[in-house]
Amino acid sequence: MNTQKEINSELFTLDIGGMTCASCVGRVEKALDKIPGVEAASVNLATEQARIRLNASSPTKIEEVIAAVQKTGYEAQLSSSHAIAAGKPSQSFWGSDGLGRVLLGFALSAPLFLPMLLMPFGIHWALSPKWQLLLASPVQFFLGWRFYRAGFKSLMSGAGNMDLLVALGTSAAYGLSIYQMLASTHAAHELYFEGSAVIICMVLLGKWLEARAKQQTSEAIRALQKLWPEHAKVLNPNIEVAEGAPLDQYRDLPLEQAFPQDRVLVLPGERIPVDGLILLGSSHVDESLLTGESAPVKKSIGLKVIGGSLNGEGVLVIEAKAVGVESVLSKIISLVEDAQTQKAPIQKLVDQVSAIFVPSVIVIAIITGLVNWFYLDSASIAILRAVSVLVIACPCALGLATPAAIMAGTGVAARFGILIKDPQVLELAHRLNIIAFDKTGTLTIGKPRLLNLISFTSSIDDDTILASAAGLQLGSEHPLAKALLDAAKQKGVSPIPPSESKALPGIGISGKPGTGPWAGQNLYLQSIASLEANPNQASIIQKAQACFEAGQTVSVLMNESTSTPIAIIAFGDELKSNASESIATLHKLHIRTVMLSGDNTAAANRVGHLIGIDEVFAQVMPNHKADIIRQLQASGKNGQQHWVAMVGDGVNDAPALATADVGMAMSTGTDVAMQAAGITLMRGDPSLVADAIDISKRTWKKIQQNLFWAFIFNSTGIPLAALGYLSPMLAGSAMALSSFCVLSNALLLKRWRPAHP
């Protein structure tokens, strides 16, 4: 990653209006690429947005970029912030893609095409030419004006798009009908007003269906946006926050006016407005839409809560830590939006094809008309077949194939706590054959716990020993000290405060308990490695041997006054409950598993054996993890590359996450790890790894299916239209149906559910 480039660049997102097909995307990107200072630009048809990286040192301003897009014939404006975005409004009934225009079009066209439906029943009836002209004209020039306007703009910019094809095709059919009407006063059945009118109606119907489907693909974003409450109950600064104290003095402020350090009151059933720590109260909090966690989570004083989650039965007072764009919810929305706006690498091929598609179709339509006119000696038939070619070739499905699948796949994954922020992951996940796991915090809980207390005396119970040892650690911030104090709290044991306490760097801590069997005596809680001069060292090590073999960290509570051991206290990082099951699931997918650990070889191998890891790398320094990933990638047989994913959660995992073909970061870790990874797992749950691979594979398959059917549709439809097997009306219907089928196929991804919810 080029950090300097990021510092000297600014990222912008533009809302682009008026795009209708893949050719439009190519035109906008081409215009953006020509602007000095634009380092990169990506346009997405499904989201109707452009992401632009603008060199900060360039004199070009974003206003000039917007003007350049507008000059090509499209609408452009700076998109709203990721923060508390309102989302795009739903399509109005009489809007350009509204249902009202579709219904009006079919109402005007019905008398034109109904006679064709009656002919098989022996009923030969048709409106007079004047009535046909009267009904077809508003469809052609009122409802179809959008195609003329957009087609003309594309023509003036030296390119073509779907609108140009529709405008040319329907104008030809309409113009031919005018000619026939003027040349013959009696042949009403030789007019083609119904063809031009129905084509416009079918295209409008297709655009309405597209708009609805696009709205569904964006459902995940809108669901996340709706989690933001509009207001926050900010307590007055001078009010006391304590059990039983009244909490009725607060200001109901708009959410954007809440700041870090504010104390926020959250009542039962309300959405939590900010990220923060609980100062008062306890409750169950529903975080399902944020993390995919199905059951509400118990929250109490001192625990973190995420803005947007739903408070349960308790009253909470929260100290705000992050608000607005700094909050977890805002970052999730940003990640999902970025993923849905970016392009998968395969889309580059589609864009290259689309750039030459419309001009090629116009040439094919002209050749079709000339050849049919020459061989059939009928100008009307030749024009109709050329019209069919123009209409059937509209590249709507081609432009929607990839982005629709990406939007649907990343959206449903986000619902279950899997944030896919890099679409390239979708093309790589199906190739993965090695998954490398960091151990601490990924396969294990990542928090030391008291696992064993082995007493050297039978006359004193374990709780008394624990109380004395925990008392020595009062006030200490060391992870092992916290583990000892937590264990005492869980057992209901009160630590015995020492009358004297002293930290011993590199050894441990000493102190004199104020009460208990060792009152006034000097006790040491020290590492086992510091016992070199103690005469009881051999017996202590022998008794602790089982703890060593289990890979545990061992401390010894010593009575310094008598130089005798009191107890061995062993700490360890527990395995996550479903770690073994998660590894077994990956093995069923024929994926080799690897674990990277800084622990000693015996401890690391024991953990690997317990959960079924295929290969363990122990005593790995943080800066060597990326080297191991590169070794794994190059370890394929016959020079073939292995495809490797890395799963981690810490700052020291960031280089390895960036080096791997696919990086997966646990959100329970650090922001640095999440930024370096292509996938963020919103729960510290290793089973999500297999689920992330599954949804990535399914999304990739949908992309392939959509592109296959889009290409097949155009490659078979154009010859059929040229040979006269598709009338203009059927061509219009088929074109609308193709876009609808591509979007519907993508929306099937919304039915996906993780294997281990």
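Guide: Start with an open sheet of three strands, in the order S10-S9-S12, with antiparallel pairing. Strands are DSSP runs of E of at least two residues, and helices are runs of H or I of at least four, both numbered from the N terminus. Two strands pair if DSSP finds at least two bridges between them.

Visitor: Which strands are at the edge?
Guide: Strand S10 (297-299) and strand S12 (310-311), each of which pairs on one side only. Strand S9 (residues 283-286) and S12 pair over two bridges in the antiparallel sense. Val285 has Asn311 in S12 as its bridge partner.

Visitor: Where does the model come from, and how is it numbered?
Guide: This is a predicted model, where local features need pLDDT of at least 70, side-chain atom pairs count only at pLDDT 80 or more, and totals for chains, interfaces and linings use all residues. Residues are numbered from 1 along each chain as its sequence is written, and side-chain values use heavy atoms, with hydrogens and water left out.

Visitor: How many helices and strands in the protein chain?
Guide: The protein chain has 26 helices and 26 strands. Of its 757 residues, 52% are buried. Buried means under 20% relative accessible area, exposed over 50%, and partly exposed in between, using a 1.4 Å probe and protein chains only.

Visitor: Back to strands. What does S5 pair with?
Guide: Strand S5 is joined to strand S6 (residues 250-254) by five bridges, running antiparallel. Two bridges join S5 to strand S7 (residues 263-266), also antiparallel. Lys233 has a bridge partner in each: Asp252 in S6 and Leu265 in S7.

Visitor: Is S5 mostly covered or uncovered?
Guide: Mostly covered: S5 spans residues 231-235, and four of its five residues are buried.

Visitor: New topic. How many aromatic pairs are there?
Guide: A search of the whole structure finds seven. One of them is Phe141 with Tyr148, stacked, at 6.0 Å centre to centre with 20° between the planes. Another, Phe708 with Trp709, is edge-to-face, at 5.1 Å and 75°. Rings of Phe, Tyr and Trp (its six-membered ring) pair if their centres lie within 6.5 Å; planes under 30 degrees apart count as stacked, over 60 as edge-to-face and the rest as tilted.

Visitor: Is Trp709 buried or exposed?
Guide: Trp709 is exposed, with a relative accessible area of 55%. Phe708 is partly exposed, at 46%.

Visitor: Which residues do ring pairs link into a cluster?
Guide: Phe141, Trp145, Tyr148, Tyr174 and Phe193.

Visitor: What lies over the face of Trp643?
Guide: Arg431, at 4.9 Å from the ring centre. Arg101 lies over the face of Phe142, at 5.4 Å. A charge sits over a ring if NZ of Lys or CZ of Arg is within 6 Å of the ring centre and within 35 degrees of the ring normal.

Visitor: Last one. Which residues touch the most other members of the largest nonpolar core?
Guide: Leu32 and Ile435, in a core of 117 residues. The largest share of this core, 14 residues, comes from helix H25 (residues 687-722). Apart from it lies another core, of 25 residues, among them Val234 and Ile278. A nonpolar core is a set of buried Ala, Val, Leu, Ile, Met, Phe, Trp, Tyr and Cys residues joined through side-chain atoms within 4.5 Å.
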